[in-house]
Amino acid sequence: QTAMAATMQTATGMSNMLQFMKFIGQLKRLPRTGWVYRNVKNPESVSDHMYRMAMMSLTITDPTVDKDRCVKMALVHDMAECIVGDIAPADNISKAEKHRREEASVSHI
């Protein structure tokens, strides 16, 4: 691999990382749909929810639970919503369709 190829690969990686951070940053401004449907004032964002779940996972005291895995799952479990939106049960979208959309969004993140 030439130095030029390595530089281009690094630049592409940085560009992809910046794009990823841009997508993830959108979750701060995406209110949780269930709260919006219930007319909750100042509803939490998807990002708020993910952070709370990660903190809950971090404080698990049960030694049989893989705390690190739980924290990672909490941080990524709603990532696709920056592409597909926060789909709530009231949206009448089947679980299969919701999962299909989320899987398809991974290629965009």
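The buried residues of helix H3 are Val46, His49, Met50, Ala54 and Ser57, where buried means under 20% relative accessible area, exposed means over 50%, and partly exposed lies in between (1.4 Å probe, protein chains only). They cover an arc of only 135° around the axis, which puts them on the same side of H3; the arc is that of the directions from the helix axis to the C-beta atoms. These buried residues pack against helix H4 (67-76) and helix H5 (81-84), a contact being heavy atoms within 4.5 Å.

The model is predicted: local features need pLDDT of at least 70 and side-chain atom pairs count only at pLDDT 80 or more, while totals for chains, interfaces and linings use all residues. Residues are numbered from 1 along each chain as its sequence is written, and side-chain values use heavy atoms, with hydrogens and water left out.

Helix H3 comprises 13 residues (46-58), and at 1.5 Å a residue it should span 18 Å, which agrees with the 18 Å between its end C-alpha atoms. The expected span is 1.5 Å times one less than the number of residues. At the start of H3, a side-chain oxygen of Ser45 comes to within 3.3 Å of the backbone nitrogen of Ser47.

A search of the whole structure finds 2 salt bridges, each defined as a side-chain nitrogen of Lys or Arg within 4 Å of a carboxyl oxygen of Asp or Glu. Side chains of opposite charge can pair when their charged atoms come close.

| Salt bridge | Closest N to O |
|---|---|
| Glu44 and Arg52 | 2.5 Å |

Together, Arg32, Glu44 and Arg52 are linked in a network of salt bridges. Glu44 lies in the loop between helix H2 (33-37) and H3, and Arg32 in the loop between helix H1 (3-25) and H2, 12 residues apart. Glu44 counts as buried because its relative accessibility is 14%. Arg32 is partly exposed, with a relative accessible area of 21%, and Arg52 is likewise partly exposed at 44%.

Across the protein chain there are 6 helices and 0 strands; helices (H or I, at least four residues) and strands (E, at least two) are DSSP runs, numbered from the N terminus. Of its 109 residues, 20% count as buried. Among contacts between residues at least 6 apart in sequence, 51% join residues at least 24 apart. The chain exposes about 8,100 Å², of which carbon and sulfur atoms supply 60%, as computed by the Shrake-Rupley method with a 1.4 Å probe.

Note on methods. Polar contact = N/O pair within 3.5 Å; in protein donor to acceptor, adjacent residues only side chain to side chain.
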